[in-house]
Structure formats: C-alpha cells, structure tokens
Amino acid sequence: MDIKLDPSRDDLPLMANTSHILVKHYVLDLDVDFESQIIEGTLVLFFESGNRYRKKSSSTEETCQSESDEACKFRTPEPCHVPVTNTRTFSSKMGYNDFAIYGKGEKDTSGKDGNHDNQEQASGISSSKYCCDTGNHGSEDFLLVLDCCDLSVLKVEEVDVAAVPGIEKFTRSPKLTVVSELRNQIVHELVTLPADRWREQLDHYARCSQAPGCGELLFDTDTWSLQIRKTGAQTAIDFPHAIRIRYRTKPQGRSVTWTSDQSGRPCVYTMGSPINNRALFPCQEPPVAMSTWQATVRAAASFVVLMSGENSAQPTQLREGCSSWHYYVTMPMPASTFTIAVGPWTEVKPETCSPNDQAAKRPFSPSEADFRCASICGHVEYPCRFQNASATTQEIIPHRVFAPGCLRGACQETLLQLVSPCLSAAHSVLGTHPFSRLDVLIVPANFPSLGMASSFLTSVCPDQDSLTCGPCYKAFLFKFACPNSPHIVFLSQSTLTGGSHLCGTRLCHEIAHAWFGLAIGARDWTEEWLSEGFATHLEDVFWAKAQQQLAPHEAQEQQELRACLRWRRLQDELRNSPEQLQVLRPSKEKTGHVTDSGSSVVKHGLNPEKGFMQVHYLKGYFLLRFLARRLGDDTYFSFLRKFVHTFHGQLILSQDFLQMLLENIPEEKRLDLSVESIFRDWLESSGLPQPLQTERQAGAECGLARQVGAEVAKWNRVNRRPRKRNRRGTKEVFEKNV
C-alpha cells in the first residue's frame, strides 16, 4: 500500500527541554467535576537543573547525568525539526502583553490567537528557537518548556519553599543571602534525599506544595507546549526550582475520556491517547524525564478514584458528599505512565478467601527494605524491591479488582480466580515483582481494546486468539504509543465473556508489562517492540504456567497454535499496511537521539493508521521466539531474569538487550547472529523477516493446529455447498455434511 506520510502531521513532538532542567517530582491537587467534565486544580513541580551535571565528551554523544546517577541520555547535536505553531522567540525585552497572568479563581479570557488555551492551529515544520536553544540566551532569560496540549493554564508562580516551617535543615550553606538561591538549594537537598527517607521526602514535598507563592511567572502556550520564564533568570540554575501551575482540562482534551459505565453512570479515565498525559497536566513527556509523584484527587463521595500509586488508597471524607483520595509513587518513572480512573466502581471480593488471597492482602511497604541484596542496582536510587529480601520471594502481590456493579458476578466467576495464579506464574518466570501491588479495573463498554497495563509503551492488545484476520480484527486496536502505568491494569468487559483462556491471556499480557514497559522502558518511543513484543511473547509462557492442569505437551501445543495464528495475522498485516509503518526501528541509527535542548519527535506518533497496527506486537514476538529457540528455553529465560535484574529502573534501546543477549550465547549457538544482522533482518526492514520465513517454511504445524485447520476447512466446505429450502419454504437447511 503506497501511502505518503507527512511528518508535520504524523510525527508527535516532544517539546520539553529536558537537557537543561528535569522535573524530579510532581504534586497534583485536583478536583473532578463530572457536570462540566473538567479536572481542575494545581500542579507543583520540583526541578533539578541539568546544566551543572553536564559532561562533554570527545564523541558526538553527550552524557547528562545527575549526582544520583540518573538514567543515561545520549545526545547527538543536530538541527531541531519539530512541528510547532508559535515560533516567537522569547527575550527579556518582551512585555507583559506577550504573556498571560491569571489570579486564583479568575477565568481564562484568552483570545482566539491560541495563547494560553492550546487552540488547534495548522502545524508545520520549522526550526523554532525555543525548542532548540532554551538553555542560556546570553542576555536573555532561560525558558522552561513543558509538553502541554488541550489545557487552560490560568496562573504560574514561584513557590516560596523557604517559608515552610522546619525547612531550615535543608539549607546546607548558611552563607547564602540571595533568597532565590536559598530556595533552589532547599529543593536540591529535598530531591536528593536518600531512598530510605522516602516518607520524610513525600511529607516535605506535600508541605512545600502548600507554601505561598512568591512571584508570578511569565508564560505562553502554543499547540504543543507551555513556555515559562522568570525575568532575570538567565540559566536553568537560576530558574525557580519549585513552581506552581493552576490549570484546568477541557472536556474534549485528548488525554482523558469522559463517558458512562455499563450502568449508565458517569466516569472518566486516561485511556492512553497518542499524545499521552500532556492534556491532563503540563509535564515533561520524554521518557528520560523520570520523576516521582503524589496526587490528591477530590470527587463526589459516590465515586472511587483509582490511580497509579504504591498505596491502596482509601477515601477521606472532607464534607458531606465529597471525598479525597491520595496516591504516591517513589520509583522514578516517565510522567506519561501516570494513570487515573474515577467512577462508581465496586470492589469485587471473593466469597471465600484462599490462603493465597490472605497472603496477597498483607501489605508490603518499602520502608521495610533491608537492602541486603548481594548485587547493586544500576538505576537512580529509590526504594527498590529487587534489593529487598522479602519482596524477592513474594510470589503474589496484593491486588484488588474493580468493576461496575452489574459485572460483579462475571468478575467473581472468571477474573478474580485468575489474578493470583497469573501473578505467581509471572514471578516463577521473571522473579521479583517490580511493583508492590496491582489494581485491575473492568472499564466501560466503549473502551477500544481488550486491555491496557496502565508502562513506558502502550499495552492496548488485540484478541490474539481470534481465528480471523484483516480490518475487522484491527478494529480491536486503538493507539500506538501511549505508555502503560504502574499498579493498575485496564481490562475490557469482553475478556469476561471469552472464558478463562481469553481473560487469562489478556491478564498475563498486562502483568508482563510490569517488567517490560514499566520497570524497563524504551528510551525512544518508536521502539515499541521492547514493550509489546516482550509482553506478547511472555503472555504465552505465563499462561502456560498458570494453567497447572495442563500437561507440558498440551501447553506447548497451545503455544504452537497461537504462533500459527499470529503468523497468519502478521502476513495479513504486512500485505495491508504502508511499508514505512512496518519497521520496528524507524529512526535507525538516529534512534534515541534528541536535540541539544532535549526535544525530539516520535516518528509516525500521530499517524492514524499506526494506531490500528500490530506489527510491533507480532514481529517483536517472533524475534524473541526465534532467539529463545536458538538458545533453548532454559538458557533464554535464565538470561532474561539476569537482564531484568541488570536493567530494571532504567531506559534501554534495542542494542542494550541484543548486546547483552549475544554475550550470553555460547559461540556454537551464535552462528551468524549479531546486533547488525538482527537490526537488518528484523528491526530496520519492512515485510517479513527472512529468518522467520525460512523457519515457517521448514517447520511442520503441530497436531492441534492441524486439527483446527481441518475443522475450519470442514466448515468452509459446508458454507460453499448450495442450500435448499424445505417444502414449506419458511427456512433454509444445510445439506448433510458427509
């Protein structure tokens, strides 16, 4: 299919200047209003400037690293070509008329020029100064750029963290006399507290977020970004390291969906838009901007608020008819993994509790971490479960199931009994669960897929056991690159009607994203196969172990049958899609590269056809299956556990996985395998990979696949036979099948 792609329309811009300054923590304080379909409140961002940690190298790559050994970010200086709509250059000479400043409670009165309201405008390719050169403008002010879309920004102000009682202990240098420097030092000391003081850190974040403002900041918006500056702050180090943004979402905002549940009652959730969370709150979207967060959300007392968070939050009654929910995350993750769902959900509980259920209910707090693990993790410091002796042996993490009341019975019958065995199976394959708990939510009927693990890449998955292919099958898919989220999984109600097999495989796929997509994320969102290929491959392995009643040969035949179905679907996909969208690593040698400021684009990220494609699931699955067969399952999965332990809490590119894998392959099994050959045959070419074609042509179908094929052929023959009417002519009957 020959479809011309337009970068200005198809590529998703990531505008945040993460090379200069990084958000380390978000504090959200929000109200959910179903009548107006708006989420409104404040967002406090705590920063650490990247300039002070930048180290130049003699190569074209530049490594930016914080004192806490942040995930490495490779930079290749090159011209910035990012779709923008407002190419004005900010300078200290611009007056207040060029910006908007709104007081608390004031209405957004922005005009039709698109400022402050992110109005849609015709987007084009340009080399905007603010997305390419926002670090230090000489005599000009430093410009903070955040990813922002479909939001009404009402006010931006600096937060006076120095006014918080008891904060003096974070002022290491008593000689500081400049108040702005004192505030920034306080934030620096706060964001770099050791992991074992995480409770104290969260408490101080909350207290600082409620501190008074100490000066409004100038800001402006365009279609894709929010730009903020402070007069006289010429570098990221001088820029305020704690700011408060008052804003509100829009009913048509693309990051959240306002709808009704199966009983007709209102609800709202983040379903994973291609633009990610920038229409939920201003943030730094690039994966390298890994941060923690805490959120307080208020809604009517009849609603339940679920969110990506390490705590199983319970409501706090504020006043009659209104409740507050609080969640937090201590593991740094991209802002795009933040997920929220608010609705009249009912918690589904088992009628009788098994020993596994009792064990899963016991809470596990990161404060119990004893850090006696022999090996050292390679990620930024946080309360890591891989370093906790108790967490490493926890087969089943605490979990809850929520659904509309009308589906309580179906959940008890099908879903509830599957969660524990699927979690246990995942632990037996990959080891330590990266996250301390899990919520599973059956989402409204208009949810456009079978599941989403709320990871750094999308987990919206099709029904991979369907016997059909083509456009009707592709309709199950929705989006291409929305991140999944920790601690919460969305499942479609359709999984409840397909029996334990459909529900179990979907659940296993989403659970797999805890390791691949969340604990280990792709540094470049175009490499979706690092999330979806792994989850698709692992769902078969998890489900085979979860079905304890199956003999090994029966489980193997089921996996072979699913491989046969996926092969047919992949062939159909590649026959009916543009070649440009069939490539798993479309940016090739530029994968992972960003501009000097940190901005970039996600190639084909907004292409509507991309949202219906499954090539990153299927090609990725077959690549991993090919590698597992080459090594042997025992060797491969032993390596995979080692890889997870090495790279959890970090971002990777394809070569990180492939290089470590090849180093662990015995020479006699490596043969012609190399990173370059895998890139060439599997990741950087369209069409069917040649090694896969050779394997499928040489391999014989398993017995179960032959049985299914014979049954399908039989019914095809029946459908082709002529029909005849009975004597009354009132109904049709098939000729007897011989």
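User: What should I know about the model and numbering before we start?
Analyst: The model is predicted, so local features need pLDDT of at least 70 and side-chain atom pairs count only at pLDDT 80 or more, while totals for chains, interfaces and linings use all residues. Residues are numbered from 1 along each chain as its sequence is written, and side-chain values use heavy atoms, with hydrogens and water left out.

User: What is the strand order in the open sheet of eight strands?
Analyst: The order is S11-S10-S14-S3-S2-S17-S20-S19, with mixed pairing. Strands are DSSP runs of E, at least two residues, and helices are runs of H or I, at least four, numbered from the N terminus. Two strands pair if DSSP finds at least two bridges between them.

User: Which strands stand at the edges?
Analyst: S11 (213–216) and S19 (316–319); each has a single partner strand, so one side of each lacks a neighbour in the sheet.

User: How many bridges link S19 and S20?
Analyst: Three, in the antiparallel sense. Ser323 in S20 is the bridge partner of Gln317.

User: Which strands does helix H3 touch?
Analyst: H3 (residues 179–191) touches S2, S3, S10, S11 and S14, where contact means heavy atoms within 4.5 Å. The direction of H3 makes about 90° with that of S3; axes are lines fitted to C-alpha atoms, for helices over the stretch in contact, and angles run from 0 to 180 degrees between N-to-C directions.

User: What is Leu226 in contact with, beyond four places in sequence?
Analyst: Its contacts include Leu144, Val153, Phe219, Ile245 and Pro282.
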